[in-house]
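Dear colleague,

Please find below the structure that I am handing over to you, together with its sequence.

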Amino acid sequence: MRTNRIFAYARTGKYGRASAHVRDLAISFILIAVLVGGTLFVSADSGGEASLRESAGVKGLSGLSGEDIIKSKTSPPEGGADYKGYIVKIADEAVARIDAKAMKNASKCIVGDRIALVDKPKDVLKFASAGDVEIIEPNYIYSSFAAPIADAIDPIYTNQNNYQWGVKYVNASVAWQLGYRGDDVNIAILDSGIVKGHEDLGGDKIIEEWNWIGGNSNTADDNMHGSVVGGIIAADTGNYRLGTTEGVGMAGIADKSNLIIHKVLDKSGYGDIGILYALYDVLHDGNRVDVVNMSLGGSGNSNILNGMIQDIAAKGTIIVAASGNNGDATDGTANEMNYPAGCDNVIGVGSIGKTGAVSPFSTKNSSVDVVAPGELMVGLQAGTTNGYYEASGS
């Protein structure tokens, strides 16, 4: 017999009593907050060719060595910008004088017939005179923006039955249009694992995983709950089937985020000390984790659990947890506190339905900090590579 167990509600069938227990999936929608995860943008402005020619032209430099002239024509790197080597631009009138073979041998690559990439500015002297050079500047490294999308084309999202009403309710598309899709945000999901090889979950999205129940790296979901949560958070958004214009599956709220999967719940949806192991790992994982998602809870208020959570929060990590599904008062637990949602520095999440009203089953007490869509949620289906699962509501 288990005592003081920490548990997660997870559906076991398409309909029936266990179906309602996935309503704590409202927690996943608070992750709209992670969409503000930034992307790297490097801005480089050389100041214009004309100004460079005026300040560092050949005129007035005749007394300098070739290397000194090259140095005077080299634009310094922008503060903080990443770069690799230097780009050299040959003056128009000098192109005909350049030894093309020597230019090819001394360069990493050549764009057209007058732009070359070299390791060091002085390498240009291997194929051109200092006077032939118009511009030398760092070869800046740029990264992609999160591609803004007006709205998702994923068929489950666009379906007239409004299967993904919750994603629309929180106006996720507004964030998408601004390019916020969770880039560079690491989310640790403590749950029952996640579906493997699913078509709607990019292969490089899971950056770390561990099964604290089995003591191995197999985090395959044998319950369903974790896969539904993972899909709501990070299913690929606006993706097409290869070589077609056919959309794939559902839309995740923060589909560019990275997932760290901690399997802490067994096939029946129960967990205990494995949750502490996972939190300990998060605590000692440097600053790698930005958000901890725990769609689980129980009535036992553990001092050890609470202490670990406070230490994680002190690092600046956002922690969200389900407030629970015992608000219907059928068993006298309507006001029962659940933990970790009831701990300080944890965002406790309750559930609402399509009308915006608080769900009858949602716990109603001081542990609830926010409410989010939590009825009739769609997520990825465990045990498949292309299945989707609708978690029934009331």
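**Aromatic pairs**

The structure holds 5 aromatic pairs, where rings of Phe, Tyr and Trp (its six-membered ring) pair if their centres lie within 6.5 Å, with planes under 30 degrees apart counted as stacked, over 60 as edge-to-face and the rest as tilted. One of them joins Tyr-83 and Tyr-86, an edge-to-face pair with 5.8 Å from centre to centre and 65 degrees between the planes. Tyr-86 is buried at a relative accessible area of 13%, and Tyr-83 is partly exposed at 35% (buried is under 20% relative accessible area, exposed over 50%, partly exposed in between, with a 1.4 Å probe and protein chains only).

Trp-165 and Tyr-169 are also edge-to-face, because their ring centres are 5.9 Å apart and their planes stand at 80 degrees. Both residues belong to helix 5 (residues 165–169), 4 residues apart, or about one turn of the helix; helices (H or I, at least four residues) and strands (E, at least two) are DSSP runs numbered from the N terminus. Trp-165 is buried at 4% relative accessibility, whereas Tyr-169 is partly exposed at 39%. Elsewhere, ring pairs link Trp-210, Trp-212 and Tyr-277 into a cluster.

**Basis of the model**

This is a predicted model, in which local features need pLDDT of at least 70 and side-chain atom pairs count only at pLDDT 80 or more, while totals for chains, interfaces and linings use all residues. Residues are numbered from 1 along each chain as its sequence is written, and side-chain values use heavy atoms, with hydrogens and water left out.

Neighbours within four places in sequence aside, the contacts of Ile-319 (heavy atoms within 4.5 Å) include Val-292, Met-294, Ile-309 and Val-346.

**Confidence**

The mean pLDDT (the predictor's confidence in each residue, from 0 to 100) of the chain is 81, and 80% of its residues reach 70 or more. Residues 1–23 stay under 50 in pLDDT, and residues 31–61 are also below 50. Where pLDDT is low, predicted coordinates should not be read in detail.

Yours sincerely
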